[in-house]
Number of protein chains: 2
Amino acid sequence: MSTEGALAATVADVLRDGAALCLGIDPHPALLAAWGLADSADGLREFGLRAAESARDSATPVVKPQIAFYERHGSAGLAALEDVMAAARAAGLWVLADAKRGDIGSTMTGYADAWLRAGAALEADALTVSPYLGLGSLQPAVDAAIGAGKSLFVLAATSNPEAAGVQNAIAPDGASVAGGILQGVDALNAELAGDGIGRIGRIGRIGPIGVVIGATVQPEAMGLALGEAPRTPILAPGYGAQGARLSDIRATFGDATGRVIANVSREALAAGPERLTARLRELAQELAAGVAA
Amino acid sequence: MSTEGALAATVADVLRDGAALCLGIDPHPALLAAWGLADSADGLREFGLRAAESARDSATPVVKPQIAFYERHGSAGLAALEDVMAAARAAGLWVLADAKRGDIGSTMTGYADAWLRAGAALEADALTVSPYLGLGSLQPAVDAAIGAGKSLFVLAATSNPEAAGVQNAIAPDGASVAGGILQGVDALNAELAGDGIGRIGRIGRIGPIGVVIGATVQPEAMGLALGEAPRTPILAPGYGAQGARLSDIRATFGDATGRVIANVSREALAAGPERLTARLRELAQELAAGVAA
């Protein structure tokens with residue numbers, strides 16, 4: 001890949017023109033085989049670099065490497081991931097590391113330092129995090145993201161049926177767990193907006209801390225008041241293989257549609273390396289049609 | 001370190017004689033400096049190897065590397081971690097990777113493959129996992145652990161005050177989130193007991209899937225019915241620096257005390273590399289006194 005590229009953007013830049021397409025880089029063993037690549041660190045590197053090239057060539061603004069598939073090969077896999085993320089960022093792509101990290105105190109600081117520090121080996125533009133230890137436990141990562149001009153995406157509501165026992169539970173304040181995460185994140189962004197960290201775009205002022213809401217989630221059924229969280233970007237995985245359609249994005253997210261980063265993984269990657277760029281262009285058209293619906 | 005050692009044991013072996021001491025390997029930057037080590041991959045390797053040596057020399061049966069601190073240095077940090085875990089396992093220590101991973105489907109399978117597969121670069125004896133996506137989402141890791149004779153420890157109730165908004169929330173079935181995780185894990189162990197995976201020890205038959213319950217948690221206040229989860233091992237972090245005392249272990253865990261792996265990190269590591277072995281022997285005596293209380 002070429003290494004010239006834009007400076008790393010903020011999430012507000014990514015969403016300046018509304019909903020943005022994201023390519024998941026999910027090199028699981030079956031996809032490596034389908035792409036003719038070895039299940040090895042070299043295969044992982046080649047897969048990631050080719051996926052990032054297709055994202056650049058199709059003007060897909062965001063890539064989301066799924067860290068588990070690199071971690072399978074230990075330090076050699078992470079060395080491949082470092083190369084993929086560095087090349088993608090150098091090419092002007094916004095790199096969202098899907099690691100779902102979550103811990104407390106100095107350990108949470110450690111994860112933030114690993115993924116969100118300028119110059120870190122694994123430096124990304126954004127990181128997914130998991131709030132089982134409470135939204136407040138993620139504060140070290142919130143501080144690190146803000147300090148570095150980067151983003152976090154906090155798991156809120158996911159599409160899988162097993163999630164209800166946690167995410168639909170009712171917290172002491174009467175909100176669902178998922179709804180409480182969404183409101184808590186928006187409150188963080190509201191505080192930050194006063195610092196000028198948000199940007200004015202077509203969608204208004206948004207903050208750097210986002211949530212993850214599965215594309216097949218019914219927001220109202222999960223207690224998610226999207227309209228009451230107007231400053232919060234949304235990462236929506238699940239388009240394609242998990243059953244949601246980009247053409248339905250407005251039906252799911254309504255007035256929040258312009259704040260959505262819509263992720264496609266298998267739906268795009270199954271096209272294979274030669275067809276991936278063209279497939280991403282098709283999916284961008286589907287997304288544009290869904291946004292306009 | 002010497003590389004002779006026992007075959008990797010199961011968690012039932014670890015707990016055969018009752019509560020077991022665990023040394024957290026938490027090389028955060030301040031501790032590296034206090035040990036006279038560089039904040040680098042080499043420093044992380046040296047810290048981990050010396051901590052594991054002290055665990056071996058003091059007959060501390062379990063070590064728990066905190067993965068975030070190795071991840072800070074990217075692939076080089078993970079290469080150091082691989083060396084530390086391999087040396088610890090070769091010396092007969094039981095290695096519990098504290099990574100708090102959690103995801104769904106093939107991604108969860110990827111994490112299990114990274115940490116729980118025999119021969120994996122990052123092979124451990126047990127892994128901590130996070131259930132924000134629901135206990136059922138962890139099933140690929142449950143299957144992997146059982147298949148490999150290894151263990152999982154699922155986050156249930158942690159000590160930090162921010163956790164209440166998630167862990168004390170009430171699920172649709174009327175249980176607290178934390179209580180539901182505990183009961184769900186015990187149900188998994190009950191199923192498995194029929195397959196002879198549990199072992200008969202002094203504490204009775206226990207299964208391979210554990211929970212994490214902070215040492216300063218008040219189990220009843222969190223909706224945790226420890227007596228109704230008799231097959232489930234418990235990892236209890238928080239002894240020492242976070243305020244819990246090993247001498248109080250029975251006051252917290254009652255009849256479940258014999259199923260507890262009690263973790264000390266800073267409380268031991270602050271002794272420094274020369275004093276660590278002696279400090280671990282003292283802490284083992286405190287634990288024994290607490291168990292006998």
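Two strands are taken to pair if DSSP finds at least two bridges between them. Strands (E, at least two residues) and helices (H or I, at least four) are DSSP runs, numbered from the N terminus.

## Basis

This is a predicted model, in which local features need pLDDT of at least 70 and side-chain atom pairs count only at pLDDT 80 or more, while totals for chains, interfaces and linings use all residues. Residues are numbered from 1 along each chain as its sequence is written, chains are lettered from A and ligands numbered from 1 in the order in which they are written, and side-chain values use heavy atoms, with hydrogens and water left out.

## Barrel of chain B

In chain B, 8 strands close into a barrel with parallel pairing, in the order β1-β2-β3-β4-β5-β8-β9-β10. Neighbouring strands of this sheet are turned against each other by 30 degrees on average, direction ignored.

Strand β3 (residues 94-101) of chain B is largely enclosed by the rest of the structure, because 8 of its 8 residues are buried; buried means under 20% relative accessible area, exposed over 50%, partly exposed in between (1.4 Å probe, protein chains only). Trp94(B), Leu96(B), Asp98(B) and Lys100(B) point one way from β3(B), and Val95(B), Ala97(B), Ala99(B) and Arg101(B) the other. β3(B) pairs in the parallel sense with strand β2 (residues 62-65) over 2 bridges, where Val62(B) stands opposite Trp94(B). With strand β4 (residues 126-129) the parallel pairing runs over 3 bridges, and Ala97(B) stands opposite Leu127(B).

## Helices of chain A

Helix α3 (residues 41-57) of chain A has 17 residues and reaches 24 Å from first to last C-alpha, close to the 24 Å expected (1.5 Å times one less than the number of residues). Its buried residues are Ala41(A), Gly43(A), Leu44(A), Phe47(A), Gly48(A), Ala51(A), Ala52(A), Ser54(A) and Ala55(A). They lie on the same side of α3(A), because they cover an arc of only 160 degrees around the axis, the arc being that of the directions from the helix axis to the C-beta atoms. Ala59(A), which follows α3(A), has a positive phi near 60 degrees.

In helix α7 (residues 139-148) of chain A, the buried residues are Ala141(A), Val142(A) and Ala145(A). Their arc of only 105 degrees puts them on the same side of α7(A). Just after α7(A), Gly149(A) takes a positive phi of about 70 degrees.

## Relation of the chains

A rotation of 180 degrees with 0.0 Å of shift along its axis superposes chain A on chain B, with an RMSD of 0.0 Å (least squares on the C-alpha atoms of residues with pLDDT of at least 70 in both). That is the relation of a two-fold axis.

Note on methods
Axes are lines fitted to C-alpha atoms, for helices over the stretch in contact, and angles run from 0 to 180 degrees between N-to-C directions.
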